[in-house]
Amino acid sequence: MAFAAALLGVAGQAGAQNAPTTEPQIVERSVKALPSRDTQVGLYINVRPDCTSGPLPTIRLASPPASGKIVVRTGRVKATNYKACLALEVPAYVAFYKSPPDFVGSDTLMIEVKYPGGRTEIQKITVNVVRPGAQQKI
């Protein structure tokens with residue numbers, strides 16, 4: 001399974017030299033999804049300054065979505081021009097959201113990401129589930 005690093009929700013670390021912090025960083029973002037379809041909501045990698053992969057972060061579902069389900073799969077990320085790396089391929093965790101077939105509306109979840117260097121990030125992700133063809137009017 002290969003994914004481009006430009007995909008939504010890339011969480012990466014440039015190495016373990018970052019000093020541990022006591023307060024987790026909170027990141028908020030939103031994603032559009034269609035009912036009953038897998039939608040990528042997170043991509044978690046660890047790229048060292050020499051463009052090799054470091055240990056993957058530990059991820060935990062801190063608050064599940066009220067309506068849908070979250071699944072995490074392993075994969076590989078191929079990217080060009082990521083930070084100082086001209087080309088790389090590294091392992092990754094990829095989080096997918098899937099709503100029930102009849103659900104339309106907003107669903108919120110929180111994922112805790114702990115990096116090997118001690119940094120912790122809480123990602124609050126709002127998934128806006130819309131019917132197919134629900135386009136923004138011009």
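Analyst: Happy to. A disulfide here is a pair of cysteine sulfur atoms within 2.5 Å. In general terms, such a link is a covalent bond between the sulfur atoms of two cysteines. Please keep in mind that this is a predicted model.

By that cut-off the structure holds 1 disulfide. The partners are C51 and C85, with an S to S distance of 2.2 Å, which falls within the 2.5 Å limit. Turning to the torsion, the value about the S-S bond is -100°, and the link of C51 and C85 is left-handed. C51 sits in the loop between β4 (39-44) and β5 (58-63), while C85 belongs to strand β7 (residues 85-98), so the bond ties together parts that are 34 residues apart in sequence.

How do the two ends compare in exposure: buried or partly exposed? C51 has a relative accessibility of 23%, so C51 counts as partly exposed. C85 has 2% and therefore counts as buried. The cut-off that decides this is 20%, since buried means under that value.

The backbone on the C51 side deserves a look as well. C51 has a positive phi of about 70°, although C51 is not a glycine. That residue is placed in the loop between β4 and β5.

In β9, 7 of the 10 residues are buried, so the strand is mostly covered. Strand β3 (residues 25-33) pairs with β9 in the parallel sense over 9 bridges, and in this pairing E28 stands opposite K124 of β9. Strand β8 (residues 105-114) runs antiparallel to β9, and 10 bridges join these two strands. There, G105 stands opposite V129 in β9. The hairpin of β8 and β9 has 5 residues between the strands, and G118 takes a positive phi near 105° in that hairpin.

To come back to your request: the disulfide joins C51 to C85, with a partly exposed end at C51 and a buried end at C85.

Technical notes. Residues are numbered from 1 along each chain as its sequence is written. This is a predicted model: local features need pLDDT of at least 70, side-chain atom pairs count only at pLDDT 80 or more; totals for chains, interfaces and linings use all residues. Side-chain values use heavy atoms; hydrogens and water are left out. Helices (H or I, at least four residues) and strands (E, at least two) are DSSP runs, numbered from the N terminus. Buried means under 20% relative accessible area, exposed over 50%, partly exposed in between (1.4 Å probe, protein chains only). Two strands pair if DSSP finds at least two bridges between them.
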